[in-house]
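Please look over the sequence and the 3D structure shown below before reading on.

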Amino acid sequence: LTLFIYARIKNKNAFQMGDTAVPGLILGQIIGRWGNFFNCEAFGGYTDGLLAMQLPVSAVRDSDISKELAEHIVEIGGVSYIQVHPTFLYESLWNLVLLVILLLIRKRKKFEGEIFLLYLAGYGIGRAWIEGLRTDQLLIPGTSVAVSQVLAVVLAVVSVMMLIILRKKAVSRKQQ
């Protein structure tokens, strides 16, 4: 929203600005997610999978320890640990793959804003999946639905719809 308001005030093409900014933005997200690792936050529920990560209980907020995590606390050398999905890693890797895809597509884009919209769609899809694993979700009151998942799905759906519409317009302009 800020991008579109700024572009309007400065009489610039918001989609072109978005296409330009997305690679740096997503790189910042790839790096920034590692802050969640260092802060022992934004992790997922219990897992014993290949990428499972152990966190000292003392380093985690009590409110982030779900009933399932509490049932699986292990003690090693007198220190209690929870074993969790490293959602920061999942999102960092998801964004890295998305960045590579966007850089490969960039040279063949059909219209201004295509890279920006592909980023929004890809980010929304990844975010919807990863948020479902987290234990610190803000839920819509009276439901078990996370606000962030709803926003991510809406972002992805709207972006895909705009991609389809704008691509059709670009193709019809090219045929004229």
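On a 1 Å grid over the protein atoms alone, a pocket is an open set of points where a 1.4 Å probe fits, with protein on both sides within 12 Å along at least five of seven lines, and its lining residues have an atom within 4 Å of a point. Grid points are joined across faces, edges and corners, and a volume is the space filled by probe spheres set on the points. This is a predicted model, in which local features need pLDDT of at least 70 and side-chain atom pairs count only at pLDDT 80 or more, while totals for chains, interfaces and linings use all residues. Residues are numbered from 1 along each chain as its sequence is written, and side-chain values use heavy atoms, with hydrogens and water left out.

**The largest pocket**

- The largest pocket holds about 170 Å³ of space, and among the residues that line the largest pocket are Leu1, Phe4, Phe15, Phe116, Leu120, Val158 and Met162.
- Two or more lining residues come from each of α1, α6 and α7, where helices (H or I, at least four residues) and strands (E, at least two) are DSSP runs numbered from the N terminus.
- Helix α7 gives the most to this lining, with 5 residues.

**Helix α2**

- Helix α2 covers residues 14-32 and has a kink of about 40 degrees at Ala21, shortly before the proline Pro23; such a bend is the angle between axes fitted to the seven residues ending at a residue and the seven starting there.
- At the N-terminal end, Asn13 caps α2, with a side-chain oxygen 2.9 Å from the backbone nitrogen of Phe15.
- The buried residues of α2 include Phe15, Val22, Pro23 and Ile30, where buried means under 20% relative accessible area, exposed over 50% and partly exposed in between (1.4 Å probe, protein chains only).
- These buried residues pack against α1, α3, α5, α6 and α7, with contact meaning heavy atoms within 4.5 Å.

**The strands**

- Strands β1 (residues 53-56) and β3 (residues 79-84) pair in the antiparallel sense over 4 bridges, and Gln54 stands opposite Gln83 in β3; two strands pair if DSSP finds at least two bridges between them.
- Strand β2 (residues 74-76) also pairs with β3 in the antiparallel sense, over 3 bridges, and Glu75 has Ser80 in β3 as its bridge partner.
- A hairpin is formed by β2 and β3 with 2 residues between them, and Gly77 in the turn has a positive phi of about 60 degrees.

**Val171**

- Val171 lies in helix α7, and Val171 counts as partly exposed because its relative accessibility is 40%.
- The C-alpha atoms of Val171 and Met53 are separated by 47 Å, and the two residues are 118 residues apart along the chain.

Technical notes:
Polar contact = N/O pair within 3.5 Å; in protein donor to acceptor, adjacent residues only side chain to side chain.
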